[in-house]
Amino acid sequence: MSEAADVLDFLRVRFPRLDERIDRKLDEIVTRLGALERKVAGIELDYAALQQRLDNVDRRLDRIERSLDLADEMTAPAP
């Protein structure tokens, strides 16, 4: 056999195994990316919940300041 035929035979054996390994790695990457996306979405939900709680605390603090006449009339937001 010629050298070119030997190379082709070698490649015919290697490529299917290489293709299989690449497919497995790609599946693993896709799975891990999906998990990462879910975690980021969870973090975004937690952040939104914290922002909402801070807004509630801010409103309550404003209400307390107004009821105790501690708020500056010029800067106090309307009820």
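Does glutamate 20 count as buried, exposed or partly exposed? At 48% relative accessibility, glutamate 20 counts as partly exposed; buried means under 20% relative accessible area, exposed over 50%, and partly exposed in between, with a 1.4 Å probe and protein chains only. The model is predicted, so local features need pLDDT of at least 70 and side-chain atom pairs count only at pLDDT 80 or more, while totals for chains, interfaces and linings use all residues. Residues are numbered from 1 along each chain as its sequence is written, and side-chain values use heavy atoms, with hydrogens and water left out.

**Salt bridges**

- The structure holds four salt bridges, a salt bridge being a side-chain nitrogen of Lys or Arg within 4 Å of a carboxyl oxygen of Asp or Glu.
- One of them joins arginine 24 to glutamate 20, with 3.5 Å between the closest N and O atoms.
- These two residues, arginine 24 and glutamate 20, are four residues apart in helix α1 (residues 3-67), so about one helical turn separates them; helices (H or I, at least four residues) and strands (E, at least two) are DSSP runs, numbered from the N terminus.

**The network around glutamate 28**

- Salt bridges link Lys25, Glu28 and Arg32 in a network.
- In the pair of lysine 25 and glutamate 28, the closest N and O atoms are 3.7 Å apart.
- Lysine 25 and glutamate 28 are separated by about one helical turn because they are three residues apart in helix α1.
- Glutamate 28 also forms a salt bridge with arginine 32, where the closest N and O atoms are 3.8 Å apart.
- Arginine 32 lies four residues from glutamate 28 in helix α1, about one turn of the helix.
- Arginine 32 is exposed at 60% relative accessible area, while lysine 25 at 49% and glutamate 28 at 36% are partly exposed.

**Nonpolar surface patch**

- Phe15, Leu18 and Ile22 make a nonpolar surface patch of about 290 Å².
- Patches are made of residues with over 30% relative accessible area and no salt bridge; like charges are joined within 9 Å, and nonpolar side chains (Val, Leu, Ile, Met, Phe, Trp, Tyr) within 5 Å.
- Accessible areas come from the Shrake-Rupley method with a 1.4 Å probe, and for residues only the protein chains shown count as cover.
- Leucine 18 lies in helix α1 and is partly exposed, with a relative accessible area of 39%.
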